[in-house]
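Hi,

Here is the model I said I would pass on. Have a look at it first, and my notes follow below.

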Amino acid sequence: IGASFTLSYQLYYDRHQTLPSQLKRAIKHQRFQVHYQPLISLPQRAIIGVEALARWKNERGDNVSPEYFINIAEEMGYLAELTRIITRQALRDMQPYLTRETPFLLSINLSVIDIVSPDYHRFLQQMCDEMGIDRARIMLELTERSSTSHQTLATGLQALQHAGYKVALDDFGTGYSNLDYLSHLSFDMIK
C-alpha cells in the first residue's frame, strides 16, 4: 500500500509540475512580467517608444524562453488569454507615457489569432478608451512566421488600421513571406 501511494503521489506530482501545467496556472493567476525594449529613432537620437516583451519564470524560478512558452500556450489554446494579459499590463505600465503630449509608441506582438479576432479588437479598443490612450500610439506587430491566408490577414490588419492602430511586420525575412506577401498586406512598418 505504501509503495502504491508513493508511486501515485509521484505521478501526480510529476504531472502537476510539468511546464504546461505550470503555464496554465501562470495564465490563470496572471504571473507574467512585461519587459520593455526601447524603440530608438536614429535621426532624432531619442527613445520614441518601447516594445512590450512577455517574460515568464516557472515555479522553480527559472526563466523560460518566450519562444518555448508561447508555443506551449498556443498548443494548449491559451495564446489569446496570454496576449490579453501582456496587452493589459503593457497599457497600464505605459499609460503615463502614452497620454503625454510628447509622442510615444507602445509596440505589442500579436499572433494571427489576435489579428483576426474581433474579440481582441474590442478588448484593445475598450482598454485604450478606458485609459485615454490614443490608438495611433499603439503599434501591433505581426510575426512573419504565420502561414495564414493573405486575405484573412488583410481583413484583420485593415480593421486594426481603420481603427487607428499602426501595424508592423516583425521578423521580416525569417518566415513564410516574401515580397509577394508585402504586396497583399498593408503595413506601417517592417522590422
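A quick definition before anything else: I call a residue buried when its relative accessible area is under 20%, and exposed when that value is over 50%. With that cut-off, 40% of the chain's 191 residues count as buried. Do keep in mind that this is a predicted model.

The overall picture first. The chain has eight helices and seven strands. Its accessible surface is about 11100 Å², and carbon and sulfur atoms account for 52% of that. If you take the contacts between residues at least 6 apart in sequence, 67% of them link residues at least 24 apart.

Now the inside. The largest nonpolar core contains 45 residues, and Phe32, Leu91, Leu106 and Ile138 have the most contacts within it. Helix 4 supplies the largest share of this core, with eight residues.

As a reminder, an α-helix has 3.6 residues a turn, so residues three or four places apart point the same way. Just past the end of helix 2, Gln30 has a positive phi of about 50°.

On the outside, there is a nonpolar patch made of Ile40, Leu42 and Ile47, which together have about 350 Å² of accessible area. Ile47 is part of strand 2 (residues 46-57). Is Ile47 buried or exposed? Its relative accessible area is 53%, so Ile47 counts as exposed, the cut-off being over 50%.

The other spot I would look at is Pro103, in the loop that runs between helix 4 (79-98) and strand 4 (105-110). Pro103 is exposed because its relative accessibility, 65%, is over the 50% cut-off. Which residues does Pro103 contact, setting aside neighbours within four places in sequence? They are Ile48 and Arg137. For the pair Pro103 and Ile48, the C-alpha atoms are 7.1 Å apart, while the two residues are separated by 55 residues along the chain.

That's what I have for now.

Cheers

How values were computed:
Residues are numbered from 1 along each chain as its sequence is written. This is a predicted model: local features need pLDDT of at least 70, side-chain atom pairs count only at pLDDT 80 or more; totals for chains, interfaces and linings use all residues. Side-chain values use heavy atoms; hydrogens and water are left out. Patches are made of residues with over 30% relative accessible area and no salt bridge: like charges are joined within 9 Å, nonpolar side chains (Val, Leu, Ile, Met, Phe, Trp, Tyr) within 5 Å. Accessible areas come from the Shrake-Rupley method with a 1.4 Å probe; for residues, only the protein chains shown count as cover. A salt bridge is a side-chain nitrogen of Lys or Arg within 4 Å of a carboxyl oxygen of Asp or Glu. Helices (H or I, at least four residues) and strands (E, at least two) are DSSP runs, numbered from the N terminus. Buried means under 20% relative accessible area, exposed over 50%, partly exposed in between (1.4 Å probe, protein chains only). Contact means heavy atoms within 4.5 Å. A nonpolar core is a set of buried Ala, Val, Leu, Ile, Met, Phe, Trp, Tyr and Cys residues joined through side-chain atoms within 4.5 Å.
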